[in-house]
Amino acid sequence: MAKTFPKGGVHPAENKLSAGVGIKEMPLPKQVVIPVSQHIGAPAKPVVKRGDVVKTGTLIAKSGGFVSANIHSPVSGKVKKIDNVMESGGFKKQSVIIDVDGDEWEDNIDRGDELNKDTGKSAEEIRNKIADSGIVGLGGATFPTHVKLSVPEGKTVDHIIINAVECEPYLTADHRVMLEKAHEIMVGTQLLMKGCGVEKAIIGIENNKPNAIKHLNEIAGEYNGISVEGLKVKYPQGGEKQLIKALLNREVPSGGLPLDVGCVVQNVGTAIAVYEAVQKNKPLIERVVTVTGKSVKEPANLLVRIGTPLSALIEESGGLPEDTGKVVNGGPMMGKAVPVLNVPVTKGTSGVLIFNKKESKRGYTHNCIRCARCVSVCPMGLEPVLLRNAAQAENWELLEDEHVMDCIECGSCSYTCPANVPLLDYIRLGKSTVSQIIRSRKN
Amino acid sequence: MNTNNLSVSLSPHMSHKDSVKSIMYTVVIALIPAFLVSVYFFGLDAIRVQALAVAACVFFEWLFQKFLIKGDNTIPDGSAILTGVLLAFNVPANLPWFIIVIGALVAIGIGKMSFGGLGKNPFNPALVGRVFLLISFPVQMTSWPKVQVLNFAMTDAATGATPLAIMKEGIANGEPVSKIINSMPTSYSDWMLGEMGGSLGEISALALILGGLYMLWKKVISFHTPVAVLGSIALFTGILHLVNPEIFAGPGFHLITGGVMLGAIYMATDMVTSPMTPKGMWIYGIGIGVITVLIRVWGAYPEGISFAILIMNGFVPLINRGMKPKLFGAKKEDK
């Protein structure tokens, strides 16, 4: 029996349409839009101004605090302006807009392909390099990587867990990088291990990617302390709490962090970014994005510079299908539907998913029939129907007592509801209100 | 293409294929074997009762929804049809038409729509209808037509008692259980297939179990409630039978005769009126089993599962409050 997390979870149709399509480098766009807040934490502060000439890899915005991240220019060209531009969430955010002019890289970046396995740098050097390079979690949560690696006093970490689960349907970017950049992942993992002083790392991969599991297993012997583990396919196994439970049978306490059970979880794409930053001096300026959907002509995995508009990616994959009803930045379970197509790819963009008109519509909402499917699929052991009722009744105290803050917003409840009750919509409302109440209590 | 009309909604952007409708019709499909058995043994009467009950339930659902609740048409969700089928399953096949209509009115009107419609009713609507009829029309509700294989003549068939009633009366008269069972016209193997007096849909344990397995496979019910009900009945009556086999019938008799299979598999598992967590379902199911045996053995009625389910329906909100799922990463004090 393959390992998995024990409680809850769903298994949506996988639809990994682009799993067999190799990573293709996307041509440079004419203009890039770089939001200064592409990560969890304080926005970065722009250090360029209108008219400045930048190279690929030039720092354009500096980390705005401990939990924040540097941002580098993904192209060479001229800063057109710094302005508030709509990003994929639909809000306008401060962004640096650069007109692209060629592709001249910073001199200190090693653009060669040869593998550098030398992990001689000290833990501090590694962490500093990661912080300088603006690396954040590429799985979608975009938490700054150097912060995760800084283990606070009194905590001990014994495992790095590489999240290569890719449990979201449709997405295949992680799958492809495992097939095409396996050695970089391994070296990156070793750097992460060294960066927070642990001896062991586990790469968790769901069993729907047997070729990736086989490939990584073949080369794992060359790298000390790294093991590869196949996992039963179940959403949301890529949630870090679920992944730790599945791999190590440790339960992150309610309200706690993976650190509390001795783990640091990093996405597999992040491992590559760490490799490139530490070994090649290359900041995080590009990433692999899956462009997919049943109506998409040529589903693809594209290596894209940050700041490229989603519309360019869609053009590259055969253009926007005629009956498109919804375009999602990310996967179908947790991604955000975008209001317009010229929003930029950011560090957290793992996919562009196109739904036709029929797929875009939510079903008719019936009365709740108390089937309790939401209760049985909740991986956090919550009662979504109860939370939804409490949020609807604005009973914030009950919501807090019922642990609404433990919700990981995986969407399994709304997905499974036969009555199409928008459970997670209400739970999000409850979560944000309760978190405001908790914050005001602290002040 | 014009991209000004993209839909924007919160995640998730996918939905499981099961709907309220598909769940309701899955249960209806699961009831088909038992329905066929009822036609086999009760002839056209079974079809008459079934059709009338469904039509009346659908009509009252439409009426109350349109004029009382004033909401969207809820007929297509299939729940009124299911209530109709289950109501018919719970009455004798020779029930006069007006009693069936009254049963449908009570089931849908009082049992369901007065609480706000599907999903809001605390008690199983079909059972509310059945119990109302049992109390209001005790004679008609307990005169069971004798089973006759494939008799479509629509003649007034003779009536006879159910095995449970024969057993109850025999024990009251001081006869030993073994003798009562031997005196009955049919035996265990006949009962499994449905050859016994009883309500239209309850007679064949085999057909009901078949439908139950289909629902388990379709994940419309979980095994907890039926296993808890049947297991607790078997255990309780087994103990009684061991204590004194002459005055207490054994678990085999209690499981196969009467409405236990229908109740445990189809009525107690009604999603709306049963608990949410497996822990809760165990308590609920055991409660039903124990109350059923208490009524059957010591109560005034030969059969008690309808009352048992309705009584335990009343405890469901409390059970839900007490039996919560285990929180992921629960701290010691939360447990």
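Chain B splits into domain 1 (20-141) and domain 2 (161-322), with bounds that come from an automatic or database domain assignment. What you're looking at is a predicted model, where local features need pLDDT of at least 70, side-chain atom pairs count only at pLDDT 80 or more, and totals for chains, interfaces and linings use all residues. Residues are numbered from 1 along each chain as its sequence is written, while chains are lettered from A and ligands numbered from 1 in the order in which they are written.

**How the two domains meet**

The centres of domain 1 and domain 2 of chain B, taken over C-alpha atoms, are 21 Å apart. Where they touch, 30 residues of domain 1 of chain B are in contact with 29 residues of domain 2 of chain B; being in contact here means that the C-beta atoms, placed from the backbone, lie within 7 Å. Several helices of chain B each supply at least two residues of the side of domain 1 that touches domain 2, and the table lists them. Helices here are DSSP runs (H or I, at least four residues), strands are too (E, at least two), and both are numbered from the N terminus.

| Helix of chain B | Residues |
|---|---|
| Helix 1 | 20-30 |
| Helix 2 | 32-42 |
| Helix 3 | 44-69 |
| Helix 4 | 79-89 |
| Helix 6 | 125-136 |

Helix 2 of chain B gives the most to this side of domain 1, with seven residues. By class, the side of domain 1 of chain B that touches domain 2 has 23 nonpolar, six polar and one charged residues. For that tally, Ala, Val, Leu, Ile, Met, Phe, Trp, Tyr, Cys and Pro count as nonpolar, Asp, Glu, Lys and Arg as charged, and the others, Gly among them, as polar.

**Chain B as a whole**

In all, chain B has 16 helices and two strands. Its C-alpha trace spans about 80 × 60 × 30 Å along the principal axes. As for confidence, chain B averages a pLDDT of 90, and 95% of the residues score at least 70; pLDDT is the predictor's confidence in each residue, from 0 to 100. The model itself scores ipTM 0.89 and pTM 0.91.

**A sheet in chain A**

Over in chain A, four strands make an open antiparallel sheet in the order 2-8-7-4. Strand 2 (31-35) and strand 4 (53-54) of chain A sit at the edges with a single partner strand each, so one side of each has no neighbour in the sheet. Strands pair if DSSP finds at least two bridges between them, and strand 4 of chain A pairs with strand 7 (residues 77-86) of chain A in the antiparallel sense over two bridges. A:Val54 stands opposite A:Gly77 in strand 7 of chain A.
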